[in-house]
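These are notes for a colleague who has not seen this model before. Please read them beside the sequence and the structure.

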Amino acid sequence: MSSLSAWRSAAAEASGGTSEEALYRAAIAWCRSERLSGRALDYGAGTGRLTRLLAETGRFEALVAADLTQRPNGLPDAIGWVAQDLNHPLTLPDCGFDAVLSVEVIEHLENPRAVAREWFRLLKPGGRLFFTTPNADSWRSLLTLALKGHHQEFTDENYPAHITALVGADLRRILAEAGFVGVEIGYALTSRLYGRVTWASLLPGRNPSRRTGKHAVVTATKPR
């Protein structure tokens, strides 16, 4: 294994292959609200948690998951698995999916513009994109940048798993350059502070915003 491949494998292991359940629930809720169907790709599937949840919805006639790691044990046989470094284009045909979902993945990859172009390539005309990433626009992230020299979730304790911090302007530019339209950015709060105390509990009755959300939740469409 080359030194670069070994480095990427170590980074993938450092991520643990999972994310927060609230983000998976947000992805499933989006699929239902948009009444998505057809073929879906879980891009950066890790342990396959989101893939399994997508299968349980019964909305999709075909599901494929892709990740650097090997196929997780117990994943239903009907689900396809592509074991491949996501820093490179996948060995999947153009325009093969009605939906691409990617929860907390783009921050692990080296070239976010290449990732956006790959999502665009993989989607059918009219296909929908959903992804999340740490929110680098939050007050907490900006304060961490000022005090520690890097955004929250990208400090030394998060390295080498998290390597690419993106603010909202970056996300919009990257997606527009790739050809996406209808870009929308929302926000989610998932951090647990102490015991049952969460960031969300400190903002009762308020939706997380650009300055308070821990995660950016992004959707976009490939034009027909």
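1. In this predicted model, Pro112, Arg113, Ala116, Arg117 and Phe120 of helix α4 meet Ile174, Leu175, Glu177 and Ala178 of helix α6; contact means heavy atoms within 4.5 Å. By class, this contact has 6 nonpolar, no polar and 3 charged residues. Ala, Val, Leu, Ile, Met, Phe, Trp, Tyr, Cys and Pro count as nonpolar, Asp, Glu, Lys and Arg as charged, and the others, Gly among them, as polar.

2. Helix α4 covers residues 112-122 and helix α6 residues 168-178; they pack at an angle of about 45 degrees, with their axes 9 Å apart. Axes are lines fitted to C-alpha atoms, for helices over the stretch in contact, and angles run from 0 to 180 degrees between N-to-C directions. Helices (H or I, at least four residues) and strands (E, at least two) are DSSP runs, numbered from the N terminus.

3. An open sheet of 7 strands runs in the order β3-β2-β1-β4-β5-β9-β6, with mixed pairing; strands pair if DSSP finds at least two bridges between them. At the edges are β3 (80-83) and β6 (181-188), each pairing on one side only. From one strand to the next, the twist averages 15 degrees.

4. Strand β2 (residues 60-67) pairs with β3 in the parallel sense over 4 bridges. Here Ala65 stands opposite Trp81 in β3.

5. Residues are numbered from 1 along each chain as its sequence is written, and side-chain values use heavy atoms, leaving out hydrogens and water. Local features need pLDDT of at least 70 and side-chain atom pairs count only at pLDDT 80 or more, while totals for chains, interfaces and linings use all residues.
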